[in-house]
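Hi,

Here is the structure for you to look at. My notes on aromatic pairs and a surface patch follow.

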Amino acid sequence: MTADNTRSSAVAEVAVVGAGLMGAALARALAGAGHQVRIWNRTPERAQKLAGERLRPVHTIQEAVASCDLVIACTSSYETTRAALAPVTDWGEAALVNLATGAPEEAEAMAEWAGERRVPYLDGSLLCFPDLVGSPDTLVVYAGAPEVWDRHHPVLRALGGRSRFLSERVRSASVLDTAIIGSFYVTAVGAYVEAATYAHSQGVSAEMMREATRLVLRTLGSSTKKAAAAIESGEHATDQATLATYANGARHCLSALRAEGHRARLLTAAVENLEAARAAGLGELGIYAQTDVVHDPAASPKRAP
């Protein structure tokens, strides 16, 4: 083990850029793990509120970065991160980890920005809320320069015990965030709000909804595993319920919600996908076969897995 790795695995000098809800949680987790943390925020008062043992607010971004091992940025966007770090002219031996949320293309642009300044760069995505930062079960994913992960993963695992390096393709962490948080989680919660609102309007109690939801979530957990495997393999045969069966049932549910004045926008989109798959001749396959109609290959460049 090198001296640098020894230092990273023991006590590191870390700068946290951004003291919002997530940035504050990152700073506290790092300080709690024994690292020396400097925190900078565009509004100094936010950083000052976090002052404590091993956690030092600083007034300038240059002071934050100077002689640091690792700079972790968590501002509102990639653009605000670049604006905050633009005054830094001497990065020393520091590496940059950016945890802002944005599109995969923005991650690539950020890596180019860092490369122009000869700063080793990792792009990361926090798959959690602030109150779970630092938990042994929290997953934070990283992509980009493997040498940054190799050197600093003991520090980065202080933010989430299940954290891992995905790929040298710097967009990979953002892709996973877009898929799991943006596309799946946000849509799933929205769909549940639609469902619970309809049930409440029809006199179903919250207790009954909780009980039914608990049982369905077990099935959903199994279904997501099967869906990921089926999409990867391209095998969609089923001996349980065909896509056409789902389409028929979803269409009747949509009619019921609309009859009671509910817009059911997310269920409408789900029905549209199922009907498009049935129209494409996939009705006798399993529900995961709709993967063949949800992507327009002509709309974006082909990217390697």
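Is Phe129 buried or exposed? Phe129 is exposed, with a relative accessible area of 52%. (Buried is under 20%, exposed over 50%, partly exposed in between; 1.4 Å probe, protein chains only.)

Two notes on the basis. This is a predicted model, where local features need pLDDT of at least 70, side-chain atom pairs count only at pLDDT 80 or more, and totals for chains, interfaces and linings use all residues. Residues are numbered from 1 along each chain as its sequence is written, and side-chain values use heavy atoms, leaving out hydrogens and water.

Aromatic pairs: the whole structure has 3. (Phe, Tyr and Trp rings, six-membered for Trp, pair with centres within 6.5 Å; planes under 30 degrees apart are stacked, over 60 edge-to-face, the rest tilted.) Phe129 and Tyr185 are edge-to-face, because their ring centres are 6.3 Å apart and their planes at 70°. Phe129 sits in the loop between β6 (121–126) and β7 (140–144), and Tyr185 in helix α8 (residues 172–201), so the pair ties together parts 56 residues apart in sequence. (Helices, H or I of at least four residues, and strands, E of at least two, are DSSP runs numbered from the N terminus.) Tyr185 is partly exposed, at 38%.

Tyr142 and Trp149 form a tilted pair, with centres 5.5 Å apart and planes at 35°. Both are buried. Ring pairs join them and Phe165 into a cluster.

Last, helix α8 again. Val193 is found there. Val193 is partly exposed, at 47% relative accessibility.

Best wishes
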